[in-house]
Structure formats: C-alpha cells, structure tokens
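Work through the exercises below with the structure open beside you. Try each task before reading its solution.

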Amino acid sequence: MRFWQRQLTALLVVFSMGIGAAEAQERYAIRAAAYLDADGQRVENAVLIINKGKILDIGSDLSIPSGMFVLDRSDAMLGPGLVDAHVSMGAMGRDRESAQAMEPGASAANLFNPGHSDFERALRAGVTTVVLAPSETHLIGGVTAVVKTGGDEKKRMLGAGPIKLSLTTNAFDMSRTPTSLQGAFAELRAMIAKAKSNADDGSAFAEWARGNAAALVEVNDAAGLSSLALFAREQGVRCMAVHANLAAERLDDVKRLGEPVILGTYEFSDPRRYTRAPAMLADAGVSIALTSNAPRYAADWLRLGTAIAMRQGLSRAAALKSVTTTPAEIAGVSDRVGSLAKGMDADFVVYSGDPLDLRSRILEVFIDGERVFVADEPPANPEDDEA
Amino acid sequence: MMKRSCATQGAFGGGAIFAIALACCLVQGWASAALADDAMPVLIRAKKIYLSPGNVVSPGAILIRDGRIDRIGDKIELADEVRVVDLENATVTAGLIDANSNAGYRSGYHDAEHASECIPEMRVLDTIDLESNDFKNLAKDGVTTVFVSPDSASVIGARGAIVRTAGAADKRVIQEASGVKATIGREPIFKASFNRTPSRFNVSFLTRRPTTRMGLVWVFRKSFHDAQLKARGQEPSSRGEGSPGDASIPYLMQILNGEIPFRIQARSQLDILTAIRLSREFNFRFTLEEGTDAYRCIDELKENDIPVIYGPIFDYPMGFRAGTGESDRFRYGAPSDLVKAGVKLALSAGDLSGEAALPMQAGYAMRNGLSREQALAAVTTVPADLLGISDLAGSLESGRSADFVVWSGEPFDATTRAEMVFVNGTLVSDRTVKNGATPADDAEAGSKPSEEASDE
C-alpha cells in the first residue's frame, strides 16, 4: 500500500514538473517579489537567472535575456535552501555501531538512504542540504556525510563532513570501555599522540588530531562544554560543540573554543536558559548554527528555532545565517550552498512571504535548479489577502 | 541597609556590633568597586589574625593589593591612599584546605574509569565541573583550596587535582594532576560495578579481580610488581592477565620512586595495617585517607611516619560509608589521640557539608581534645604541607595570594561562622548582608515570598 502511495506521489511530482517545464530548460529565470540576501535583507523585484543548476546571476530588476524561459513568482519570495548541520535522516536507529566506543573509521556516507521519506519531509520544510551524523552513543562516532535532500541522485552526495565525537552520558556505559569521561580523555590523548606521531595517517581523525580540521562534539550539559574547552586548549584541537543549549552559562568556554556552535532543537516550552543562548552567543561574536536533529524532531523545527531565537533577541541576519551559511561552513560546503549568490548551486525555496516569518508557506523547493517539491494548493485564508 | 545591619547584633552579640555592621557596608561597596577594576588597595583591620597556628596578632591588619597580601601584621604604615575596612570584632585565618574533597563530581557520569582497576594515568580534573555548586558551598564555609580526590572505585585510582574553590577559572587550578589515590577496602569490589564471576553468558572486562580483599591485594601487588618488571624491560609472567596497562607504568614507578604523592584510603584496622604492610614490601611512602580506625594503629602509623587525612567525623556512618561496614568503630577522640601520639594529622569533611563542613570538623575535633591551634593546623598548614603547597596556602604571609576567612568570632566555635571569604583578594562569599536580617525583616520578607521569587 505504502509502495503504491509513493509511486503515486512520484507520478504527481513528475506531472507538476511538466506543467512548470522549468526543468527541461538548462537556462531559465525566476521573477519574484523579493529575495533574502546573505545578510537577511530583503531585496525587492528579485530576478534569479539559472544556468546548468548554478546561479548565473541574482539581483533586483536584472534584465532577462530575450527568449529565456521565465517562471513568474511575482507574489512570492525567494530564500536560500536551508542547511541543517546535524541530522540522522533516513538512519534513525541505524546510526550506532554499538560494539565499541571508538569508531573513527566509520562513515555516515554508508547510512545515506536517498529514497527515505525523511528526505521528502526535509524538502517540504525547505531544507536542501544536511549533515548526516553518527549517533551520540559513541565517543568517536565516525565521519559525517554532507548530502542534499533531493534532486539528481548522482549529485546528492557532496562528500565527507567533519568527524563526530560525543562526550554525552550516552557515550558511556558499563558494557564497553571507556566507561567514564576521564577514561575518554585519557584514551583520546593517547590516540591524538599516536596520530600526531604518524605523518602518513591521513584519516579524518588524524587531521583533527593535528588541528587541521574541526570536529563536531556533542555535549549534554554546561559542564561538558567547560571540559571540552579545557581539553581542546590542552591538545590544540578544534571542536564545534553540538547541542550546547546551556552555552549561555559558559560563554567564556565557548569563546575559548573559537569555533561555531550548534544549538537546538528549540521548542516553545524550552526554558529561557536554553533559548537565550543563540542571541547571547551571536552578540559575543560566536557563529551559531541551529539544528532540527531530524528525524527526532521534524525538519521544520529549524525555522521554528529561528523564530524562538529571534524572540530572545537574535537579529534577522544572524537567524538566517544560523540555518544557511554557518551550517554550510561547518559542513565545508559554503562555496556551494547556503546563500543566493553568483556561482552557487541553485538551491532555493519559494515562500509565500518572508522566509523568517513562520506564517509563510513553502510553495516550491529547487535543488541544482531542478524543482523537487511543489506544495498543494493552500486552503483559502482570508488573512493572506490582507498581507 | 541600616535596619539589616543592626540585626547582626544577634549573631555577634556585643557592643562593637555597630562597627562591624558599618564595615559590612564598606566591604559591600568595595567588593562591587573591585569588580569594576578599581585598583585601590584595601586595608582590613580585625580583632585578631591567625597568621599561622600559634602565631597570632591582635589586633591586626592586612593590606591587600592586586589580589595579594601586600603587608600583614599588628601595625601597618600606610604610604598611599587605601580603602579601610574595620572589622573590630572579627577573627581572620588563612583560607581552609580540605585535602580529601569530592567537590565537582557530576551526576550521570561515572566518577571512576572501570576499564581497569589500575588507572593512575587518568585525571580527576577531566571529569569534574569547576563551576559546580559544591565549590561555591565550600567557599561559603571558608574552604578556599581543595584536593579533589579520585573516586574509591579502583584499587589504584586516578590522580586528583588541587584547585581553589572560587575565583577566575584560569587561576583556580593549582595542580592539574597531583597525587594518586589507592583504595583498600570494599569499595573497589562493589562500588558502581560488581566485578563478576565468569559465566557462559557473562564475560566482560568486569570479569576480574578483586571480588575479595585477597583479590584486592593481589591486584595491588601485581600492579607494582609488573611495573617494576616492565620498567626493567622484562615481561610479566602471567600472560599479562591483571597486569597494569602500559600507560600507567610511569606513574606506578613515580610512586615507587617517591616522585608523586601517594595516598591510600583505608578505614578499618585490617585495611590500614594492610596498607602499611604493602608500603613496607614495595618501599613507598603514602598518606592515609579517612582512617576511621587509625586510633587502633597509632604505633604502626607513628613507626612508619605515615600522615593521616582523617575524617569526616560523623555521628553515625551513613550512605555508602555505612554500606561498607568499615566505619562502625568510629571514635570522636581519634584525631586528638593521633596528634598527641605525634602523628601528622589533617582533617577533612570528605563528601559531607553543612553542619559537617570543614570548620565544624575542626570544631568536633576540638570538642574531643584538640587545641584550637592544633585544629587550625589540621585544616590549614598540615594539609598544605601534605599537598606540597605550603608556599602558596595554609598561612598568611605577605606576598601570597590573599586567600583568607573572616570569622564572626573565634574560628571553629559552634557559634561562629565564616562571615566573609576572600580568594585571590576577591570577596567570594559574604554572609553579613543577606543573613543579617532581624526577625522583623524575616517576617516582612516571609509575608511576600512570591515577590522575592519573581525577581529571578
């Protein structure tokens, strides 16, 4: 039954694409009421020109070459496809190799299940690029993978992301060693020393050990951040704290880490000591990325997180960066995705209004210039007319 | 403010109260000014200052400049402008030192590594939270420096850390990894994890010794024996089973060579005598921790020149201590007996706080025979000496960092409390204001609890 439902959906998508006919075009343009630039500023009368899946040009009132196919979205706004720096889409429950605590050789690329419905849900939420990460039940979980949530299957795997570590209580139990934080640090020190002494070791772990690459490190309390900051300084390694929702209580440690911090998932019932973190960190000059932690939470919680963070004082520009350019930098693909600019991948979202306004609907999603999601007709809403 | 200050009368009981109350205002003003980088030196005058046990000035004064004791004594000539704080009825001692604390351990994490029973390469500093409320509570009780002792779940445990209980994070750690702690008793056998008998279904790294005291001593001896073999380049005989990991060998050798401090937690007479026997076999020096039954081995302790970090003193063993059955023969007079016999004694509150905190421990020891000087030494100079930080803490001398306690009366009396605590010249705890309310104030405050709460 589910199989046929999926086939039917696929068929519908193909039909709707046919109607748009944009995908058949290598070069085409989109006209929209406005778009959001990298600073979160609204640029009116947007014209976006696409060539072979890349952004050829974008600006206000650009002239469109004659004869070029034009999609008219004059009543809608364009925003960059969202990026989520820490998900386990399509891999729930399969992201832990439980025999050992240390899995530096594991690769989340092996978890990539392109046909999984989690990715369809991500598209629906405007999320176009994600970092697939091994679970927090491992001291060293393995290397993350950066993938697109839709589009041409051959192009969806962008490559390896940062290596993932975890210092949460979940990484320790009595069935395997190390069983404690001090045991973990002792073992990491030994592994780092070994990697540093072996110049031929080109593994992701060795690159991190030598300070050439940053790692994602999951923590689950404020004290974990402090321990991490101490360890990072001692060993000269670069660490990006994940789920550091109590970062506001250890601002000095976060600054000492000197790397972007991943926060979330935020929900309305979260206490202020969590939700104030994005604004406080951004004010202190720390780059922040929000995560939905999908599929544990819906991918749409990424936008919800921006709203909750903005409520506590996060600026528009910082809010947009936290779900686009900063996670793209963390994933190492900021030269391709995360903003609407010349030369970037044509990954963008058509919104019914301001992308940072939770009332705005996601109407269409494009990846590499190809339309991968079209929303159903919205139910009539009288307030839309007022807006 | 006035109204509240007057209320301190109850606590201080006497005529010079108003001076103290006024002084509190001054200190309050100064503390906030100091935070605002006001570099003005501060002169504190008190009724009595214990420079070190047996060395008292009365009245006395301390001049604090840039977080250090600039000058201290009965009379200080002032060359430049200073802020003067008069504490006419108060007594000052050096900040107390607890040489066997469990502060900063975090819930949810194992406090010890269970991968092996011999883990001297591990560091307690990796697992504790320096921002924990434990440290704030210690500071309030006048404890300014602690040795955070490794967990007792391993036969030969981790290395502890010497840290200040308050102040800027980067100045708090005095020694990242100090002494190694071993435990002789029931705790390595049952704490956090039971070592197991092998069965068809259950063979893991926990299938190991010790499950009895015989096994415990076997692990202890095996660790040092194999360390000596490996240090000589020889391989241990028994296929490496139960052998210490390579990473721990250097630390075991440092213990045998007397290069790092070594302490053994033992409570019962049996365990204390075992520790002494092992120290003679392998020729290492150690400090006895807890030592509930130490009064039963005074001759042996004296003969082998073994210092004791005694305590906590308790009314009745509770919690895991009761579970071990090792603390049933506790005696209030033990500290006094040890000191009288010439055993070097430090007092510790261990994991206890509140009415069993370190100043009260000293008070209980005094109640049972220790003089005030001896009690003061047991919580300042002796632990400083045992930790190897005598040049940093434990007594008040010019040039040292200004870690000291202002007591409302004679230290360790049941009616005395730590009114103000300074670490690195910064006021980190001040009870003179908040707790100085009159009963009338309390009634007032009590009638509107919701307003108080809503400020948070």
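**Exercise 1: the interface**

Between chain A and chain B, nine residue pairs are in polar contact, both residues being at pLDDT 80 or more. A polar contact is a pair of N or O atoms within 3.5 Å; within protein, one must be able to donate a hydrogen and the other to accept it, and residues adjacent in sequence count only if both atoms are side-chain atoms. This is a predicted model: local features need pLDDT of at least 70, side-chain atom pairs count only at pLDDT 80 or more, and totals for chains, interfaces and linings use all residues. Residues are numbered from 1 along each chain as its sequence is written, chains are lettered from A and ligands numbered from 1 in the order in which they are written, and side-chain values use heavy atoms, with hydrogens and water left out.

Task: Which helix of chain A gives the largest share of the side that touches chain B?

Step 1. Helix 3 (181-197) and helix 5 (222-235) of chain A each supply at least two residues of that side. Helices (H or I, at least four residues) and strands (E, at least two) are DSSP runs, numbered from the N terminus.

Step 2. The largest share, seven residues, comes from helix 3 of chain A.

Step 3. Now take the whole contact (heavy atoms within 4.5 Å). Chain A puts in 25 residues and chain B 21 residues.

Task: How many salt bridges cross the interface of chain A and chain B?

Step 1. Apply the rule: a side-chain nitrogen of Lys or Arg within 4 Å of a carboxyl oxygen of Asp or Glu.

Step 2. The rule finds four. One of them joins A:Arg250 and B:Asp129, with the closest N and O atoms 3.0 Å apart.

**Exercise 2: a sheet in chain B**

Task: In what order do the four strands of the open sheet in chain B run?

Step 1. The order is 6-7-9-10, with mixed pairing. Two strands pair if DSSP finds at least two bridges between them.

Step 2. Strand 6 (96-101) and strand 10 (173-175) of chain B are the edges, each pairing on one side only.

Step 3. Look at strand 7 (143-148) and strand 9 (161-164) of chain B. They pair in the antiparallel sense over four bridges. Here B:Val146 stands opposite B:Val163.

**Exercise 3: backbone and burial**

Task: Is B:Phe412 buried or exposed?

Step 1. Set the cut-offs: buried is under 20% relative accessible area, exposed over 50%, partly exposed in between (1.4 Å probe, protein chains only).

Step 2. B:Phe412 has a relative accessible area of 5%, so it is buried. Its phi is positive, about 75°, although it is not a glycine.

Step 3. Compare B:Asn283. Its phi is positive too, about 60°. At 63% relative accessibility, B:Asn283 counts as exposed.

Task: Which backbone oxygen lies 2.6 Å from a side-chain polar atom of A:Thr144?

Step 1. Find A:Thr144 in strand 7 (140-148) of chain A. At 1% relative accessibility, A:Thr144 is buried.

Step 2. The oxygen belongs to A:Pro162.
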